[in-house]
Amino acid sequence: YDDENTPSGVEEIKANSFVERIWGVGHTLRAFNRFSRIVLNDIKINQYEAMADTMPGGKPTKAQGKIIADIANLIGGTTNVGQAERIMGAANGLLYSARLAAARARFLASPVEFAVRGTNATRLAYAKQMANWMIGTSAIYGAFKLAGYEVGDDPRSNKFGKVKIGGAWVDMTGGLSSYLTLLSREATGRTTTDGGKHKDLGGPGPYDSSRLSIAATFARGKL
């Protein structure tokens, strides 16, 4: 796995479309995608209901309901983009998944958003859901490590948040790891190569990465 050989979003879509046209395989893939959407929607509904039960009286107000629905959608990888909804069609023609990108960016900023928004009850509900998410994610990575799999734990590496299964690195965060890696590199001014070598950004070499170049590479990967 490296920046040069990582397929862009458009390439992934084309590859997926090609596979769907293969006799027998395409039907299975489409059925799996439908099943995945059903499972994700069920998870979001369960999260909403769990948070709703913690509201005073066991029933959220309209405002509280909107907030906890936003929380459930964010954890599930979707978000309401508000006035930007009208340009989502055009944005999806440019980006791999404009809504997912917006959801991931909002997810990273959500601790601040939900700290200043809503009531103490919704803040507590958000904190509990995030704690459950982190505990669950940590348990999954721990299980893979105990089973002998290689897990990327350096936030400055492309392998961060991924598990090596066979010859492939599988992202277990739903695409969130790449955002965390970008933020870590920009914040520390350092990067980790696929070979495990630590390098400072902005080095004198002609092929050394800079803060600007890694941001450009990240953006190109979303096209």
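Is Tyr149 buried, exposed or partly exposed, and what is its relative accessible area? Tyr149 is partly exposed, at 35%. Buried here means under 20% relative accessible area, exposed over 50%, and partly exposed in between (1.4 Å probe, protein chains only).

1. Basis. This is a predicted model, in which local features need pLDDT of at least 70, side-chain atom pairs count only at pLDDT 80 or more, and totals for chains, interfaces and linings use all residues. Residues are numbered from 1 along each chain as its sequence is written, and side-chain values use heavy atoms, with hydrogens and water left out.

2. Confidence. The mean pLDDT (the predictor's confidence in each residue, from 0 to 100) of the protein is 78. A value of 70 or more is reached by 75% of the residues. By element, helix 1 (residues 9-20) has the lowest mean, 43. Strand 1 (residues 150-151) has the highest, 93. Residues 1-20 lie below 50 in pLDDT. Beyond near neighbours in sequence, that stretch still has 28 contacts in the model (heavy atoms within 4.5 Å). Where pLDDT is low, predicted coordinates should not be read in detail.

3. Architecture. The protein has 8 helices and 5 strands. These are DSSP runs, numbered from the N terminus: helices are H or I with at least four residues, strands E with at least two. The order along the sequence is α-α-α-α-α-α-β-β-β-α-β-β-α. Among contacts with a separation of 6 or more, 51% join residues 24 or more positions apart.

4. Burial and surface. Of 223 residues, 29% count as buried. Areas come from the Shrake-Rupley method with a 1.4 Å probe; for residues, only the protein chains shown count as cover.

5. Gln47. This residue sits in helix 2 (residues 25-53). Gln47 counts as buried because its relative accessibility is 15%. Leaving aside residues up to four places away in sequence, Gln47 touches Ala72, Ile75 and Gln129.

6. The whole structure holds 4 aromatic pairs (Phe, Tyr and Trp rings, the six-membered one for Trp, with centres within 6.5 Å; planes under 30 degrees apart are stacked, over 60 edge-to-face, the rest tilted). One of them joins Phe144 and Tyr149, edge-to-face, at 5.3 Å centre to centre and 85° between the planes. Tyr149 also belongs to a nonpolar surface patch of about 380 Å², with Ile140, Ile165, Val170 and Met172. Patch residues have over 30% relative accessible area and no salt bridge; like charges are joined within 9 Å, nonpolar side chains (Val, Leu, Ile, Met, Phe, Trp, Tyr) within 5 Å. A salt bridge is a side-chain nitrogen of Lys or Arg within 4 Å of a carboxyl oxygen of Asp or Glu. Ile165 lies in strand 2 (residues 162-165) and is partly exposed, at 36%.
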